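Thanks for coming. Please look at the sequence and the structure on the screen, and then I will go through a few parts of it.

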Amino acid sequence: MQNYFEFFNLPEQFAIDLQGLDQAYKKIQRLVHPDRFVTATEAEKRTAMQWAAMANDAYQTLGDPVRRSAYLCELNGYHVRKETHVSMDPEFLMQQLEWRELLQEARETGNRPMLEKLAEQQLHVRQKQMEVVENSLNRRQYENAAQEIRKMMFLEKFGEEISQAFDELDSKH
């Protein structure tokens, strides 16, 4: 089984050619499209479906910077989602707690400007954090990258919660 980078003939690194990824994905999808296997045997159809499923998973993984960075760590023996990795920077955790309190307050009071400011702060921190992850991966510091990716996952989840809060506000008006 090839890794996803090899599958799409891309270098095994964080910075990838997204257009090249897209082209490689579309090429594979064309090759394994069900219309091409109408008269094929069941085994051939099953194989084509497996290739299509792998292409979809590989494309989604490599196309998303957080998933791509976690995948790079995993290829190098550092599993981001492993339960043994529970320690987190206390300063980062305090920031998360403060943001959650602000988010709750903005939700309860319907304070859109507070929510917009929180979204802006979160986006800024998220962009900086992605740079930290990328730098760790470029230096092949996979253990550190895995820790930093866990922070990115917190930030992504919090970003989703902010989006939900905006949706809640919009639905009330």
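Helices α3 and α4 are roughly perpendicular to each other, because their axes cross at roughly 100 degrees; angles of 65 to 115 degrees count as roughly perpendicular, under 35 as roughly parallel, over 145 as roughly antiparallel, and the rest as oblique. The two axes come within 5 Å. An axis here is a line fitted to C-alpha atoms, for helices over the stretch in contact, and angles run from 0 to 180 degrees between N-to-C directions. Helices (H or I, at least four residues) and strands (E, at least two) are DSSP runs, numbered from the N terminus.

Before I go further, this is a predicted model, in which local features need pLDDT of at least 70 and side-chain atom pairs count only at pLDDT 80 or more, while totals for chains, interfaces and linings use all residues. Residues are numbered from 1 along each chain as its sequence is written, and side-chain values use heavy atoms, with hydrogens and water left out.

Back to the two helices. Which residues of α3 meet α4? They are D57, Q60, T61, L62 and G63, and on the α4 side they meet P65, R67, R68 and Y71. Contact means heavy atoms within 4.5 Å. For the classes, Ala, Val, Leu, Ile, Met, Phe, Trp, Tyr, Cys and Pro count as nonpolar, Asp, Glu, Lys and Arg as charged, and the others, Gly among them, as polar.

D57 and R67 also form a salt bridge, with the closest N and O atoms 3.5 Å apart. A salt bridge is a side-chain nitrogen of Lys or Arg within 4 Å of a carboxyl oxygen of Asp or Glu. D57 lies in α3 and R67 in α4, so the pair ties together parts that are 10 residues apart in sequence. D57 is partly exposed at 31% relative accessible area, and R67 is partly exposed at 34%. The cut-offs are under 20% for buried and over 50% for exposed, with partly exposed in between, using a 1.4 Å probe and protein chains only.

Next is the other neighbour of α3. Helix α2 (residues 18-31) and helix α3 (residues 42-63) have axes that come within 10 Å and cross at roughly 170 degrees. They are therefore roughly antiparallel to each other. L18, L21, D22, Y25, I28 and Q29 in α2 meet A52, A55, N56, Y59, L62 and G63 in α3. This contact has 8 nonpolar, 3 polar and 1 charged residues.

D22 also pairs with K26 in a salt bridge, 3.1 Å from N to O. Both residues lie in α2, 4 residues apart, about one turn of the helix. D22 is partly exposed at 23% relative accessibility, and K26 is partly exposed at 44%.

How many salt bridges does the structure hold? There are 11. One of them joins E156 to R126, at 3.4 Å from N to O. E156 lies in α7 and R126 in α6, so the pair ties together parts that are 30 residues apart in sequence. D89, E148 and K151 are linked in a network of salt bridges.

The largest nonpolar core has 48 residues, and F8, L62, C73, L115 and L137 touch the most other members. A nonpolar core is a set of buried Ala, Val, Leu, Ile, Met, Phe, Trp, Tyr and Cys residues joined through side-chain atoms within 4.5 Å. Helices α1 (4-7), α2, α3, α4 (65-75), α5 (90-109), α6 and α7 (142-172) each supply at least two residues of this core. Helix α7 gives the most, with 11 residues. As for L62, leaving out residues up to four places away in sequence, L62 touches Y4, F5, F8, L10, I16, L18, L21, R68 and Y71.

Beyond its neighbours within four places in sequence, S136 is in contact with Q141, N144 and A145.

E12 is found in the loop between α1 and α2, and E12 is partly exposed at 36% relative accessibility. E12 and L75 are 63 residues apart in sequence and 9.4 Å apart in space, C-alpha to C-alpha. With neighbours within four places set aside, E12 contacts N3, F5, L72, L75 and N76.
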